[in-house]
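Hello,

Here is the structure I said I would pass on. My notes on it follow below.

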Amino acid sequence: MTSSYGLEGYGLRGRAAVVTGATRGIGRAVAGQLAAAGALVCVTARDADEVRSTADELGGIGVSGSVGDPDHLREVTELALRAFGRIDVVVNNAATNQPYGPLMDADPGAWREAFAVNVEAPLRLVQCAWRAWMREHGGSVVNVCTEGAGHVGPNVGAYGTSKAALLHLTQQLAGELAPKVRVNSVSPGLVRTEMARFVWEPGEEQLAAGLPLGRIGEPEDVARAVVWLTSDAAEWVTGADLLVDGGTRVRTAHSAREYAVHDRLRSYAPPRS
Ligand SMILES: NC(=O)c1ccc[n+]([C@@H]2O[C@H](COP(=O)([O-])OP(=O)(O)OC[C@H]3O[C@@H](n4cnc5c(N)ncnc54)[C@H](OP(=O)(O)O)[C@@H]3O)[C@@H](O)[C@H]2O)c1
């Protein structure tokens, strides 16, 4: 699927990329497409075995840990610089959708963790890459946000608020780091991954029917947008948010159906931990 999109022309050959949360889902597809475009990839996630096997599959390197831990982000940066001698691309993809539920019930620790993982970690990793390489040599950053950050929804207040903050952070960094470093975001709609399984699995057909483009997203749909933004093909694009949502935002002009995603979010009861 990847090679037919002409990734060879993107100028990514020999560039070094760090992708967080790259062992499955959207991050895995991004890392795979970057590797297919000739980039050297450094992948991260918390599960060490998954990191090892993903790095092996992609001919890259990896390090395990949570992006919520600043020491882990320093370790990732040092490893990539040691192994590749450069860090041209950072993709902040790892995220949490917890705490799930009404905000009046949100546990303060879980709320802080959501912001540590979804907002603070992208900033810290960009700071590390900037100091280590990008300030002098340039580079590009893509933050993975969500289509849902543009509106409110049931039970996802912490997630949506933190992703809205990430959108703002993207624009602020884009202004501060230009012209050396471009900073953009991609905002996916509903994509077939583990994180969103509780939304799409119970009735994918109904969800697809309500979308103008007639299907939910695949990780590769989002990865193509991310890789394009990281590449020289987007050299005059910074501070942009690229919506990759199958038409979710424009659905009300397409059909009068209820928004099935919100029905799912409203009725879902997470298993008690
Ligand atoms: N799927 C959707 O419908 C959808 C829609 C809009 C936006 N997004 C965004 O897309 C991005 C990727 O989500 P996804 O759906 O692809 O999720 P996913 O399939 O659950 O994959 C998440 C990846 O991130 C890693 N990860 C999770 N927490 C981490 C942490 N604290 N530190 C480091 N790595 C961590 C996971 O591995 P470990 O568990 O081993 O750490 C895994 O590699 C997220 O930013 C998400 O908000 C997804």
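**Helix α3 against helix α4**

Helix α3 (residues 70-84) packs on helix α4 (residues 108-137) at an angle of about 35°, and their axes are 9 Å apart. The crossing of these two helices, α3 and α4, is right-handed. On the α3 side the contact uses Pro70, Leu73, Arg74, Thr77 and Leu81, and these meet Ala121, Arg124, Leu125, Cys128, Ala129, Ala132 and Trp133 in α4. By class, the residues of this contact between α3 and α4 are 9 nonpolar, 1 polar and 2 charged. Please keep in mind that this is a predicted model.

**Helix α4 against helix α5**

Helix α4 also packs on α5. The axes of α4 and α5 come within 8 Å and cross at roughly 20°. Since angles under 35 degrees count as roughly parallel, α4 is therefore roughly parallel to α5. The crossing of α4 with α5 is right-handed. From α4, the contact takes in Trp111, Ala114, Phe115, Asn118, Val119, Pro122, Leu123, Val126 and Trp130. From α5, the contact takes in Ala158, Tyr159, Ser162, Lys163, Ala165, Leu166, Leu169, Leu173 and Leu177. The contact of α4 with α5 has 15 nonpolar residues, 2 polar and 1 charged.

**The sheet**

An open sheet is formed by 7 strands, with parallel pairing, in the order β3-β2-β1-β4-β5-β6-β7. Which strands stand at the edges? They are β3 (61-64) and β7 (241-244); each has a single partner strand, so one side of each is left without a neighbour in the sheet. From one strand to the next, the twist averages 15°.

Within the sheet, strand β5 (residues 139-144) and strand β6 (residues 181-188) run parallel and are joined by 6 bridges.

Helix α5 (residues 157-177) packs on it and touches β5, β6 and β7; the direction of α5 makes about 160° with that of β6. Helix α1 lies across β1 (16-19), β2, β4 (89-92), β5 and β6, and runs at about 170° to β1.

**Helix α1 against helix α8**

Helix α1 also packs with helix α8 (residues 219-230), at an angle of about 50° and with the axes 8 Å apart. That angle makes α1 oblique to α8. As α1 passes α8, the crossing is right-handed. The α1 residues in the contact are Gly25, Ile26, Arg28, Ala29, Val30, Gln33 and Leu34. Their counterparts in α8 are Pro219, Glu220, Val222, Ala223, Arg224, Val226 and Val227. The contact of α1 with α8 is made up of 9 nonpolar, 2 polar and 3 charged residues.

**Around the ligand**

There are 30 residues around the ligand, and of these Gly21, Gly25, Arg46, Ala95 and Thr193 come nearest. Which elements give two or more residues to this shell? They are α1 (25-36) and β2 (40-45). The largest share, 3 residues, comes from α1. By class, the shell around the ligand has 13 nonpolar, 12 polar and 5 charged residues.

Regards

Note on methods
Residues numbered from 1 in each chain as written. Predicted model: local features only at pLDDT ≥ 70, side-chain atom pairs only at ≥ 80, totals over all residues. Near = placed C-beta within 6 Å. Helix = DSSP H or I, 4+ residues; strand = E, 2+ residues; numbered from the N terminus. Nonpolar A, V, L, I, M, F, W, Y, C, P; charged D, E, K, R; others polar. Axes fitted to C-alpha atoms, helices over the stretch in contact; angles between N-to-C directions. Left-handed = near helix turned anticlockwise from the far one by under 90°. Contact = placed C-beta atoms within 7 Å. Pairing = 2+ DSSP bridges. Parallel < 35°, antiparallel > 145°, perpendicular 65-115°, else oblique.
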